[in-house]
Amino acid sequence: MLVKLSTRPTVRRCAGTGALALALLGAGLPATDRTQPDLSRFYRQKVTWAACKGPDMPKDLQCGKVTVPIDYARPRAGTLDLALARYQATGKKQGSVLLNFGGPGGAGIPELAADGKQFMDLTNGYDVVGFDPRGVGRSSPVSCGDGSDEAASALDDETGLDHPRTLLTKLRKAAGECARNSGPVLPHIGTVNASRDLDVIRQALGDKKLNYLGFSYGTRLGAVYAAQFPHKVRRLALDGVDTLTEPLSEQGVAGAEGQQTALDDFLDWCMTDVACPFGQDRRAAGGQVVTLVRSLDQNPVPSDFGGSFSGQDLVGAIGQALYSKKLWPSLERALASLVQDGDTRGVQNFATSGSGLPVGGHRNDGLVDPQNVPADNLQAALMAINCADDPDRPDAAQIGKDLKQLRAEYEQASPVFGRYRLTELLMCYGRPKGTDFIRDRVKDVHSARMLLVGTRGDPATPYRWTVETAARLGSSAVVLDNKGDGHTGYTSSKCVHQKIDDYLLYGSLPPNGSSCPADGNDWSATTSATNW
């Protein structure tokens, strides 16, 4: 799950001379010269806050926006607006703390609106701010239209394996659909540009340095920011640490294995309930899930959101639900409705990030209205960002040679999630080669010390990624070992929650390598953020 462009950061220590350069540096703005694009107008913004509109918005949540260039190398070529939301500080204010809930492709504002109570302790010292990154949610959302279905259908049967040229033609067509439906932001989506957006947001909030809490993919965004703007880091907490070095092909296998483990745990839990739609025979339950997925792939059913609902749609929905333990009872009920009544609404609610209306709908002050966010935005943004962050782009000959082996590896990792993860990998074919910035330059970061939290039983971001990323970042990284289960620890472990709050609020870091015990909560009783 990576994304990035090779554009070098523009906000840096510059060799500008004279009173103008000194004034800009003193204000926290980027000093410019003839060789650097002038970004000063973006860094002079201030956020105007107002009550968030909408029936699902808490009364104390305020919304705003900032404007950023689509292309930082050509800031006059066009702009886009980023949606922001905040809970105001209730105690002595130190500034703002920015949150990213993961993905990539997860919209921050609906998450903050739904789960804001999890972060209220932080309002003792900060405005707690969420945002929709570029290409996500209300911030110029990308969409693939029918492109995702095109890619999924390419792997429906053995035809694609036997005729790789046909497969690759479909994949290239799918990439073209994504480009046509996404608009000018697509070539400039990714973590490197999102990190630069983060710095513009920091300045617009009036903070000299960044305070940040990132989950899952959000840890990659935080690490990239620390590499691009090391002297702008104040306190960065990274929970559920992502990899900075593994190629997408290896990440996909690890992800399929982790999701299969989580599914097995869910089925173990489900067997204890007489309402489980897969009965009480644990050995048969796993096979029933595989059969259900294959049946829907062969014969998709009508969807209440328009179009059809396939087995791969079901896999994507299950995958989202499995990362949050508190959603397991809801997942059980949704699967029961699907199996017993053919009702797709429950499972689709886990995967749908928008209303399903066409991209390019009505915009309000440069932001897309919530009801006009495309239904496939989460998945489209995830693929776009992952591909933009990954520099590997095998040609047609290499894919044709490796395809059967790849499919075997992915299906061995998970008979349920393997094909879905392989499709995500193959969707990069036909897109521009991604950046090598993250692999090559996000290392040996000389910033203020950062807190990295890894969870031993994390199904999405293996604990080893925390250790590897900490070693790569260098002496600035402090590791907290959470002995519990589930994806991320902040909202599932009281110990992790307290350690992160102490760090962000008071600058108190635990000793490097210290640990938090497993809380011992049941899957159904433990709460956790919906992160990927």
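These legends describe close-up views of a predicted model. Residues are numbered from 1 along each chain as its sequence is written, and side-chain values use heavy atoms, with hydrogens and water left out. In this predicted model, local features need pLDDT of at least 70 and side-chain atom pairs count only at pLDDT 80 or more, while totals for chains, interfaces and linings use all residues.

**View 1. Asn 211 sits in strand β6 (residues 210-215).** Strands (E, at least two residues) and helices (H or I, at least four) are DSSP runs, numbered from the N terminus. Asn 211 is buried, at a relative accessible area of 1%. Buried means under 20% relative accessible area, exposed over 50%, and partly exposed in between (1.4 Å probe, protein chains only). A polar atom of the Asn 211 side chain lies 3.2 Å from the backbone oxygen of Ser 96. Leaving aside residues up to four places away in sequence, Asn 211 touches Ser 96, Val 97, Leu 98, Tyr 126, Arg 234 and Arg 235. Contact here means heavy atoms within 4.5 Å.

**View 2. Tyr 212 also belongs to strand β6.** Tyr 212 counts as buried because its relative accessibility is 0%. A polar atom of its side chain lies 2.6 Å from the backbone oxygen of Gly 218. Residues touching Tyr 212 include Leu 221, Leu 236 and Leu 504.

**View 3. Strands β6 and β7 run parallel, joined by 6 bridges.** Two strands pair if DSSP finds at least two bridges between them. Gly 214 stands opposite Leu 238 in β7. Strand β7 (residues 233-239) has 6 of its 7 residues buried, so it is largely enclosed by the rest of the structure. On to strand β12 (residues 450-457): 3 bridges join β7 to β12, and the two run parallel. Asp 239 stands opposite Val 453 in β12.

**View 4. Helix α15 (residues 396-413) is kinked by about 50 degrees, centred on Asp 402.** The bend at a residue is the angle between axes fitted to the seven residues ending there and the seven starting there. At 1.5 Å a residue, the 18 residues of α15 should span 26 Å, and the end C-alpha atoms are 24 Å apart, which agrees. That expected span is 1.5 Å times one less than the number of residues. Buried residues of α15 include Ile 399, Leu 403, Leu 406 and Tyr 410.

Conventions: Polar contact = N/O pair within 3.5 Å; in protein donor to acceptor, adjacent residues only side chain to side chain.
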